Amino acid sequence: MASSCSFLLLAALLALVSWQATSSDPMRVNGFVCKNPMDVNADDFFKAAALDKPRVTNKVGSNVTLINVMQIAGLNTLGISIARIDYAPLGQNPPHTHPRATEILTVLEGTLYVGFVTSNLPAPNRNKFLSKVLNKGDVFVFPVGLIHFQFNPNPHQPAIAIAALSSQNPGAITIANAVFGSDPAISDDVLAKAFQVEKNTIDWLQHM
């Protein structure tokens, strides 16, 4: 009987300690702290993002301005984010994937050549490439996780697009950067065999 009482007392103490630890730590969902509903205000759902302003493009000729849960706390758990994408003449948003989101893109200005590659489906549809030339007002969808890109074919005019993504934190993996720019570098033996090229070609790509 004494043994049973001791066990019950120990269990109650452990439950109390666990409850105190939980109640003293902030509640997190998807890694972000949940704000007390009584303390929520309009600024939790707002950002003066200036998405109407043009951006300076990078060395591949694009600039992605992503508004996700990192910028607007109120997006957490809502499963949506938005991005403005600027393209220089002949600029591109290079092949990449979003591991947690489908993307729907609308062209606001200019023309874009876009496309994505399907996954390893059974033949004859294995890694099928689907592409389209988009003009102002056109819309295109990139399914979740698939490699896709956008390219501005106009050598004289920039292009602008707005993209909505089905995650508050969609993530992005740029294929060339991940494969040839990893730290530490992937073995050139591995990449030379995978791409069926000489090792000096891989070494050149890794040190660009």
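Biologist: Are phenylalanine 116 and phenylalanine 140 buried or exposed?
Modeller: Both phenylalanine 116 and phenylalanine 140 are buried in this predicted model.

Biologist: How do I describe a pair of aromatic rings?
Modeller: You give the distance of the centres and the angle of the planes. The count here comes to 5 aromatic pairs. In one of them, the ring centres of phenylalanine 116 and phenylalanine 140 are 6.1 Å apart and the planes stand at 55°, so this pair is tilted. Phenylalanine 116 belongs to strand E7 and phenylalanine 140 to strand E9, 24 residues apart, and the pair thus links distant parts of the chain. There is also an aromatic cluster formed by Tyr113, Phe129 and Phe149.

Biologist: And how are two packed helices described?
Modeller: By the angle between their axes and the distance between the axes. For helix H3 (residues 188-195) and helix H4 (residues 199-206), the axes come within 9 Å and cross at roughly 110°. H3 and H4 are therefore roughly perpendicular to each other, and their crossing is right-handed.

Biologist: Which residues in H3 and H4 meet?
Modeller: On the H3 side they are Asp188, Asp189, Leu191, Ala192 and Phe195, and on the H4 side Lys199, Ile202, Asp203 and Gln206. The contact divides into 4 nonpolar, 1 polar and 4 charged residues.

Biologist: Why does asparagine 68 count as buried?
Modeller: Because its relative accessibility is 6%, and buried means under 20%. Asparagine 68 lies in the loop between strand E3 and strand E4. Leaving aside neighbours within four places in sequence, asparagine 68 is in contact with Leu75, Ser81, Gln168, Asn169 and Pro170.

How values were computed:
Residues numbered from 1 in each chain as written. Predicted model: local features only at pLDDT ≥ 70, side-chain atom pairs only at ≥ 80, totals over all residues. Heavy atoms only, no water. Axes fitted to C-alpha atoms, helices over the stretch in contact; angles between N-to-C directions. Helix = DSSP H or I, 4+ residues; strand = E, 2+ residues; numbered from the N terminus. Parallel < 35°, antiparallel > 145°, perpendicular 65-115°, else oblique. Left-handed = near helix turned anticlockwise from the far one by under 90°. Contact = heavy atoms within 4.5 Å. Nonpolar A, V, L, I, M, F, W, Y, C, P; charged D, E, K, R; others polar. Buried < 20%, exposed > 50% of the residue type's maximum accessible area, 1.4 Å probe, protein only. Phe/Tyr/Trp six-rings, centres within 6.5 Å; stacked < 30°, edge-to-face > 60°.
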